[in-house]
Amino acid sequence: MKPIINMRVVDWWSSDTPENFYANVFVQILSRKYEVRYSENPDFLLYGPFGFKHLQYECVRIFLPERISAQIGMSQTMALTLIIWILAIGICVCH
């Protein structure tokens with residue numbers, strides 16, 4: 001049984017819908033290790049540079065720049081590993 005993550009993706013390229021959430025590449029990758037659920041009350045929020053909706057949430061917020069790999073000088077694999085590591089620590093602290 002996979003650990004459950006209640007999550008949301010906002011202020012991103014696509015609109016905030018369950019369909020776009022489950023199509024998000026970060027959600028798909030996290031789904032390999034976790035049961036990721038679209039949630040109105042997320043424990044974790046991934047957000048981009050395209051708005052301010054993320055300010056409405058009281059949870060762990062993870063900013064994803066438009067070009068995360070290029071801006072912080074790491075490969076996509078390393079960037080995704082970092083995100084998964086942040087989520088793993090958050091899960092240990094929250095649950």
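These are my notebook entries on a predicted model of one protein chain.

**Ground rules.** I number residues from 1 along each chain as its sequence is written. The model is predicted, so I note that local features need pLDDT of at least 70 and side-chain atom pairs count only at pLDDT 80 or more, while totals for chains, interfaces and linings use all residues; side-chain values use heavy atoms, with hydrogens and water left out.

**Whole chain.** I looked up the secondary structure and found four helices and four strands. Here helices (H or I, at least four residues) and strands (E, at least two) are DSSP runs, numbered from the N terminus. Along the sequence I read the pattern β-α-α-β-β-β-α-α.

I then checked burial: of the 95 residues in the chain, 40% are buried. Buried means under 20% relative accessible area, exposed over 50%, and partly exposed in between (1.4 Å probe, protein chains only).

The accessible surface of the chain is about 5,900 Å², and 58% of it belongs to carbon and sulfur atoms. Such areas come from the Shrake-Rupley method with a 1.4 Å probe; for residues, only the protein chains shown count as cover.

For contacts (heavy atoms within 4.5 Å), I took residues at least 6 apart in sequence, and 58% of their contacts join residues at least 24 apart.

**Strand β1.** I went to residues 4–10, which form strand β1. Five of its seven residues are buried, so the strand is largely enclosed by the rest of the structure.

Next I looked for its partners; two strands pair if DSSP finds at least two bridges between them. Strand β1 runs parallel to β2, and four bridges join them.

**Ser39.** I located Ser39 in the loop between β2 (35–38) and β3 (44–47). Is Ser39 buried or exposed? Ser39 is buried, because its relative accessible area is 11%. Leaving out residues up to four places away in sequence, I found that Ser39 touches Asn6, Met7 and Arg8. I also took the C-alpha to C-alpha distance from Ser39 to Val9: 9.6 Å in space, with the two 30 residues apart in sequence.

**Asn24.** Asn24 counts as buried because its relative accessibility is 8%. With residues up to four places away in sequence not counted, Asn24 touches Val9 and Trp12.
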